[in-house]
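Open the model in your viewer and keep the sequence panel at hand. Each stop below says what to select and what is there.

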Amino acid sequence: MTPILILTTVFLYFAFLLYISFRAKRNATNAAFFSGNRQSRWYVVAFAMIGASISGVTFVSVPGMVAQSGFGYLQLMLGFIVGQCIIAYVLVPLFYRIGLTSVYEYLQNRFGKTSYVTGAWFFFLSKMLGAAVRLFLVCATLQLLAFGPLGIPFACNVAVSVFFVWLYTHEGGVKSVLWADTMKTCCLIAAVVLCIFFIANSMDLSFSALLKNITSSPMSHAFHFEDVNDKQYFWKQFLAGIFTMIATTGLDQDMMQRNLSCKNSRESQKNMLLSIVLQLIVVSAFLMLGVLLYQFASAKGIEATGDKLFPAVATGGYLPLVVGFLFIIGLVASAYNAAGSALTALTTSFTLDVLGRKSDDEQQTTRTRKGVHIGMAVTMMVVILVFNVFNNTSVVDAVYTLASYTYGPILGLFAFGLLTHRAVNDRYIPLVAIASPLLCYFIDCHSEQWFNGYRFSYELLLMNALFTFIGLCLLIKKGTRA
């Protein structure tokens, strides 16, 4: 595909997003921006959540990582399923019963104002860094395929991308995000299914031969029980998947903003259970695609690997033009929708939680919300540019490593609040929340030396939450209950 054709495809998709935003902003209020007025149909949210869970990281990196880790990502996915069930049957009823707009309001009810703001700030840090990493990946890919060959600098690429993300979410909020995610899900499923079809067809593989070809490949090895020191060890990945899902979905304003837009907790539960099953199917398809991509690249003499493999095959003229078109649509849909939902959630949390602007003063809240929305967009752009300077690691690994450090204190706060009934000294909670990830980082740096070669993986999240929990135990007020 030529750079002009790629950019045309991108702008056509943005035009569609703007149309969605125009439809969603009719009768838009702050309640509609923050929670969709609690009128979303559960099956629409379930379908949209497939796309919401699949960012540009999954779309590009998961197929590329099978050469190194095989189908090991499925170990994490099994943990995700358990974590999603815990969210559906523990957190969702609680949040609906309290009537939360922001999930961090629970921390104020349970501990106090300082805890509330601490949770909101850690979410801000987590989501801003995570969204920036994801959008960075797509901007870097588009720079390689389109902006770079046209002589357009990376900073301009990022500025245009963030501007369009801001534009389509600045009025409709979560309503725009849900409908955009629905379209995104359609694009992703079509992209992966048709890419598999065209690659299999070019390799003269029937359906049965395709399945045999994939299952017989060493890259389809999924479960690792051999070496406890290995980052791919099953129980590391499985347990990390459970708590990563709880932290990054159940305690994440971005993801729960969609789930809490259903009419009631029962409908939200049905949405979550259906969506996680569908996500498992779609992720499995991405892994299968990864095996085919490596086999196709080997046959054609393509040297690209990792994150560069899928773009090289899809847009390199080796397959019909529609494959490149689907890749660009899937990439754009996965990344920009994720950035748009993150921007909406960051605006919601910062407006309600950090600044304390409640929706009872509609005009003042609207002015504050719009100002915060612009500020979040500018901050995201700056973080992406900084990440571009210092990035030197796998994008998938970077996203989940960041989550391990920044979501850990949030998970610890909620765990203590739900599992105990003790009151704590609220004003010292920020010290605990900062000390826990620092202690985790120190231990991680010396783990191989101290623990006979043991290397931590995403279970850092659980250790981080545990340290936060222990720190809160030290702050318990004697003789008091919450």
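Start by selecting helix H8 (residues 113-147) and helix H20 (residues 429-450). Helices here are DSSP runs of H or I with at least four residues, strands are runs of E with at least two, and numbering starts at the N terminus. The axes of H8 and H20 come within 9 Å and cross at roughly 30 degrees. Axes are lines fitted to C-alpha atoms, for helices over the stretch in contact, and angles run from 0 to 180 degrees between N-to-C directions. H8 and H20 are therefore roughly parallel to each other. Angles under 35 degrees count as roughly parallel, over 145 as roughly antiparallel, 65 to 115 as roughly perpendicular and the rest as oblique.

Show the side chains next. H8 contributes Thr-114, Ser-115, Thr-118 and Phe-122 to the contact, and H20 contributes Ile-429, Pro-430, Ala-433 and Ile-434. Contact means heavy atoms within 4.5 Å. By class, this contact has 5 nonpolar, 3 polar and no charged residues. Ala, Val, Leu, Ile, Met, Phe, Trp, Tyr, Cys and Pro count as nonpolar, Asp, Glu, Lys and Arg as charged, and the others, Gly among them, as polar.

A word on the source: this is a predicted model, where local features need pLDDT of at least 70, side-chain atom pairs count only at pLDDT 80 or more, and totals for chains, interfaces and linings use all residues. Residues are numbered from 1 along each chain as its sequence is written, and side-chain values use heavy atoms, with hydrogens and water left out.

Now select helix H3 (residues 42-53) and helix H14 (residues 265-300). Their axes come within 8 Å and cross at roughly 40 degrees. That makes H3 oblique to H14. On the H3 side, pick Trp-42, Val-45, Ala-46, Met-49, Ile-50 and Ser-53. They meet Glu-267, Lys-270, Asn-271, Leu-274, Ser-275, Leu-278, Gln-279 and Val-282 of H14. The residues of this contact divide into 8 nonpolar, 4 polar and 2 charged.

Ile-189 touches Val-282 and Phe-47, leaving aside residues up to four places away in sequence. Ile-189 is found in helix H10 (residues 174-202). Buried means under 20%, exposed over 50% and partly exposed in between, with a 1.4 Å probe and protein chains only.

Turn to the rings. The structure holds 22 aromatic pairs. Rings of Phe, Tyr and Trp (its six-membered ring) pair if their centres lie within 6.5 Å; planes under 30 degrees apart count as stacked, over 60 as edge-to-face and the rest as tilted. Select Phe-136 and Phe-154. Their ring centres are 6.2 Å apart and their planes at 70 degrees, so the pair is edge-to-face. Phe-136 sits in H8 and Phe-154 in helix H9 (residues 154-169), 18 residues apart. Phe-136 and Phe-154 are both buried.

Compare Phe-234 and Phe-238. This pair is stacked, 5.6 Å centre to centre with 10 degrees between the planes. Both lie in helix H12 (residues 234-250), 4 residues apart, about one turn of the helix. Phe-234 and Phe-238 are also buried.

Finally, zoom out. The protein comes to 21 helices and 2 strands. Buried residues make up 57% of its 482 residues.
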